[in-house]
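Subject: Structure handover

Hello,

Here is the structure I said I would pass on.

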Amino acid sequence: MNDATQTLLDRLPDMHQTETGWQGRCPAHESSGGQSLTLATGDDGEVLVHCFAGCDTTDIVAAVGLTMSDLFPEKTQRDSHGEQSIDIVVDVARLKRIPLLSFKAFGAVAAVRGRAPVARLPMYNEKRDLCSEFELGTGNKGLLKGLSAKGRWLRL
């Protein structure tokens, strides 16, 4: 169990462990002892939250005084200068409110543009050839690059 999961479990005393995670009472709605809330830990350490009564995950975490970012573990890595930094793919997904699993399923990987870390998304044509890439950082602007006929990257 990671810190993100433990932080949420510490605020949900009615949870009990199951084969696939945890189950218990949802704090976002009134229930008569029902076990509608399930928690699990995803492949990347994020906390997966589901209420079978239909409560929104944002409402569930707010009911226990947390935010959506608390559902993700703090992943750190060393950059090229040896300084500790947040995993840019996780960071961009959080800031842009993109579901992390979907973002990674589209092929998002960590990269560097100049000296700034970015999340890079490959884009393919109908023949499945790489034709462009979209780089997205923690700022407001993204950068779209296209592959020229000569195989060079051009800003679009």
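Leaving aside neighbours within four places in sequence, which residues is Thr-5 in contact with? They are Trp-22, Thr-41 and Val-47. Please keep in mind that this is a predicted model.

Thr-5 sits in helix H1, which covers residues 3-10. Its relative accessibility is 1%, and buried means under 20%, so Thr-5 counts as buried. With Thr-41 there is also a polar contact: the two side chains are joined at 3.0 Å.

The other residue I looked at is Leu-71. Leu-71 lies in a loop, with helix H2 (57-63) on one side and strand E5 (76-78) on the other. Is Leu-71 buried or exposed? Leu-71 counts as buried because its relative accessibility is 4%.

If residues up to four places away in sequence are not counted, Leu-71 touches Ala-4, Leu-8, Gly-45, Glu-46, Val-47, Val-49, Thr-57 and Val-61. Ala-4 is 67 residues from Leu-71 in sequence, yet their C-alpha atoms are 5.5 Å apart in space.

Now the protein as a whole. It has 156 residues, and 33% of them are buried. Its secondary structure consists of four helices and eleven strands. Of the contacts with a separation of 6 or more, 30% are between residues 24 or more positions apart. The accessible surface is about 10000 Å², and carbon and sulfur atoms hold 49% of that surface.

Regards

Notes
Residues are numbered from 1 along each chain as its sequence is written. This is a predicted model: local features need pLDDT of at least 70, side-chain atom pairs count only at pLDDT 80 or more; totals for chains, interfaces and linings use all residues. Side-chain values use heavy atoms; hydrogens and water are left out. Helices (H or I, at least four residues) and strands (E, at least two) are DSSP runs, numbered from the N terminus. Buried means under 20% relative accessible area, exposed over 50%, partly exposed in between (1.4 Å probe, protein chains only). Contact means heavy atoms within 4.5 Å. Accessible areas come from the Shrake-Rupley method with a 1.4 Å probe; for residues, only the protein chains shown count as cover. A polar contact is a pair of N or O atoms within 3.5 Å; within protein, one must be able to donate a hydrogen and the other to accept it, and residues adjacent in sequence count only if both atoms are side-chain atoms.
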